[in-house]
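Keep to what can be read from the coordinates.

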Amino acid sequence: MNIVNIAEELSSNSYPGRGIVLGKTPDGKHAAIAYFIMGRSENSRNRIFEENDRGGIRTKAFDESKMVDPSLIIYNPVLKLDGKTIVTNGDQTDTIYDFMKEGKCYRHALLTREFEPDEPNYTPRISGVVKPDGDYVLSILKSNMGKPQCLRFFFEYPSEAGLGHFIHTYKCDGDPIPSFEGEPTPVAVETNDIEEWTSVIWNNLNEDNKVSLFTRFINLETGEEETKIVNKNV
């Protein structure tokens, strides 16, 4: 697979859905993380990110009076445990957290979960874990070519300066929306500046469909973190 430019990858797709990018900055000093959400319905678009009390973020209704069904859109996308950062597109973040707290791994946790129950889309559950040394794993739980059978895929990556991997829920827009296919996409991490990293991703998401973005750089020597949150609803 070729390493692609993240800006071009995002700008060429009007609806990748929810997406995770994990990697390492070009100077090799920081783990780089990004998680974004998009939405087509008023309910999906009526959200913001805010910090939670477990080292990460949660989704929240921007206007509580307009919230219709919170079941698949209100969750903790990011949690931290023992120096590991968990990033997912649903409440499986808590499943992974709970299993890891008991000394089990993310695979054990995700074997108990499957795609979202939103027929006919069967939205995939995408998940990632960044380890203290910067190595990371990604996973997708998806339907079997649109049938309600769960396929589980796990990918493990040694961190490499200037390189990341991008996984998202949907291949593109559609009705029903086609699920992501293949392995996570190798993408270039071209900056050591979190402000630039954040801007490149946010500015290349479809203007109509983007909702919120979380980014974080983790210093791999000290563990210090820098986090950015961008919400369309302000």
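**A strand end and a covered strand**

Asn144 belongs to strand β8, which covers residues 136-144. The model is a predicted one. Is Asn144 buried or exposed? Its relative accessibility is 19%, and buried means under 20%, so Asn144 counts as buried.

The surroundings of Asn144 can be described next. When neighbours within four places in sequence are left aside, Asn144 is in contact with Gln149 and Leu151. With Gln149 there is also a polar contact, made between the two side chains at 2.8 Å.

The other part to look at is strand β10, formed by residues 163-168. This strand is mostly covered, with six of its six residues buried. In a regular strand, side chains alternate between the two faces of the sheet. Which residues of β10 point one way, and which the other? Leu163, His165 and Ile167 point one way, while Gly164, Phe166 and His168 point the other way. Residues in both sets are buried.

β10 has pairing partners that can be traced strand by strand. One of them is strand β1, residues 19-24, which pairs with β10 in the antiparallel sense over five bridges. In this pairing, Gly19 stands opposite His168 of β10. Strand β11, residues 185-188, also pairs with β10 in the antiparallel sense, over four bridges. Here Phe166 stands opposite Thr185 of β11. Phe166 and His168, the β10 residues named in these two pairings, point the same way from the strand, together with Gly164.

Technical notes
Residues numbered from 1 in each chain as written. Predicted model: local features only at pLDDT ≥ 70, side-chain atom pairs only at ≥ 80, totals over all residues. Heavy atoms only, no water. Buried < 20%, exposed > 50% of the residue type's maximum accessible area, 1.4 Å probe, protein only. Pairing = 2+ DSSP bridges. Polar contact = N/O pair within 3.5 Å; in protein donor to acceptor, adjacent residues only side chain to side chain. Contact = heavy atoms within 4.5 Å.
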